[in-house]
Protein chains: 2
Amino acid sequence: MQNEVIKAIMERRSIRAFAEKQISNPELDVIINAGLHAPSAMNEQNWHFTVVQNKELLDEINEKAKMYGTGTGNDYIEKLMTNPKLHIFYNAPTVIIASELDDGYAATVNSSAAIQNMLLAAHSLGIGSCWIGLSRYAYNSELKDEFIKKLNLPENFTPTYSIALGYPKGNSPEIKPRKEGTVNFVR
Amino acid sequence: MQNEVIKAIMERRSIRAFAEKQISNPELDVIINAGLHAPSAMNEQNWHFTVVQNKELLDEINEKAKMYGTGTGNDYIEKLMTNPKLHIFYNAPTVIIASELDDGYAATVNSSAAIQNMLLAAHSLGIGSCWIGLSRYAYNSELKDEFIKKLNLPENFTPTYSIALGYPKGNSPEIKPRKEGTVNFVR
């Protein structure tokens, strides 16, 4: 029981090394449109997406995320954030920043479904992607209002996650093992 | 720029009328496996899915959700929940109940990505689906512990959303318009 949709779902991996070449505008349109066609609770569509292709702004988010993300007391995050080689967007040429309506019903759920659509659509076009949470240290910092202004967000939206997009450099990573015991049945 | 993945994303609709015939076990396996192959923050996979094909339990969740979901002061929910014709699972023969690890990092995001994978996988197999939030009125009620026991969940997991699955009865609904102004660019 195999088809192209199942194949894409099973084969997509998070990509953390990107070619310099920018993705095309038609590809970007398809990816965004895929996100906007996710289902949302009560059809609220209470999401917003900002396509950033401005290296200066991406570098600034990286720098501030690493600054505010150190000293949080989480060893895993500490090790990541103090690694001078880490760019939280892995130098992806395009980053889509997802924002949620403040206090919007099921806003996290809705934007997550949209993001997963975008990741799969990108994969189907040969474009690599990584869903990035580390940028929250910039978005949630005392610079929050400044970033909201720089991203030119509509009123009452707050940035949450980022999606790095670009042509993959190198091979796709191996799949990590799936956890056991995450499914049960009541029949 | 069209392919089977994009097509599935664009054409999938929420289905709210199901044939009686049960979906096959191989189909169910593919759908679940698609969910388990979603990305998760720091590969936590902090999700749990319970496949319920027990009509008695589904009817009970429906009944309790409608009971605890009335009188909440939300007119939209009130109108839905007091409609005697509504079964919150639309009589779907299979319901997958998603649960999240309590206080698990990004648990809502992770399980939402997994659910979206399952909806797309189901669609690709000709199986209709609806992502259901109304069941939360049962899961979050004073009967929470009782439902957790009936669902035989692992420790520290709480049910959140439900996915109705079955062969669609009737035509696929029309797409609802997408909101304007949900995307902007910083270049």
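Good morning. In chain A, helix H2 passes helix H5 in a right-handed crossing. Please keep in mind throughout that this is a predicted model.

Let me stay with that pair of helices. Two packed helices are described by the angle between their axes and the distance between the axes. Here, H2 (residues 25–36) and H5 (residues 107–124) of chain A pack at about 145 degrees, and their axes are 7 Å apart. On the H2(A) side the contact is formed by Val30(A), Ile31(A), Ala34(A), Gly35(A) and Leu36(A). They meet residues of H5(A) that include Ala114(A), Ile115(A), Met118(A) and Ala121(A). Of the residues in this contact, nine are nonpolar and two are polar, while none is charged.

I turn now to the sheet. In what order do the strands of the open sheet of five run? The order is E5(A)-E1(B)-E2(B)-E4(B)-E3(B), and the pairing is mixed. The edges are strand E5 (183–186) of chain A and strand E3 (128–132) of chain B, each of which pairs on one side only. On average, neighbouring strands of this sheet are turned by 25 degrees against each other, direction ignored.

Within the sheet, E1 (residues 47–52) and E2 (residues 94–101) of chain B pair in the antiparallel sense over six bridges. Val52(B) stands opposite Val95(B), a residue of E2(B).

Helix H5 of chain B, residues 107–124, lies across E1, E2, E3 and E4 of that chain and runs at about 160 degrees to E2(B). Is H5(B) mostly covered or mostly exposed? H5(B) is mostly covered, with 17 of its 18 residues buried. From its first C-alpha to its last, the helix reaches 26 Å, close to the 26 Å expected at 1.5 Å a residue. After H5(B) comes Gly126(B), whose phi is positive, near 80 degrees.

Finally, the contact between the chains. In total, 58 residues of chain A are in contact with 58 residues of chain B. On the side of chain A that touches chain B, the elements giving two or more residues are H1 (4–11), H2, E1 (47–52), H5 and E5. Which of them gives the most? H5(A) does, with nine residues. By class, this side of chain A has 33 nonpolar, 19 polar and six charged residues.

Strand pairing also joins the chains: E1(A) and strand E5 (residues 183–186) of chain B pair in the parallel sense over four bridges. There, Phe49(A) has Val183(B) in E5(B) as its bridge partner. Thank you for your attention.

Technical notes: Residues are numbered from 1 along each chain as its sequence is written. Chains are lettered from A and ligands numbered from 1 in the order in which they are written. This is a predicted model: local features need pLDDT of at least 70, side-chain atom pairs count only at pLDDT 80 or more; totals for chains, interfaces and linings use all residues. Two strands pair if DSSP finds at least two bridges between them. Axes are lines fitted to C-alpha atoms, for helices over the stretch in contact, and angles run from 0 to 180 degrees between N-to-C directions. Two residues are in contact if their C-beta atoms, placed from the backbone, lie within 7 Å. A crossing is left-handed if the near helix is turned anticlockwise from the far one by less than a right angle, and right-handed if clockwise. Ala, Val, Leu, Ile, Met, Phe, Trp, Tyr, Cys and Pro count as nonpolar, Asp, Glu, Lys and Arg as charged, and the others, Gly among them, as polar. The expected span of a helix is 1.5 Å times one less than its number of residues. A residue is buried if 20 or more other C-beta atoms lie within 10 Å of its own, exposed if 12 or fewer, and partly exposed in between; C-beta atoms are placed from the backbone.
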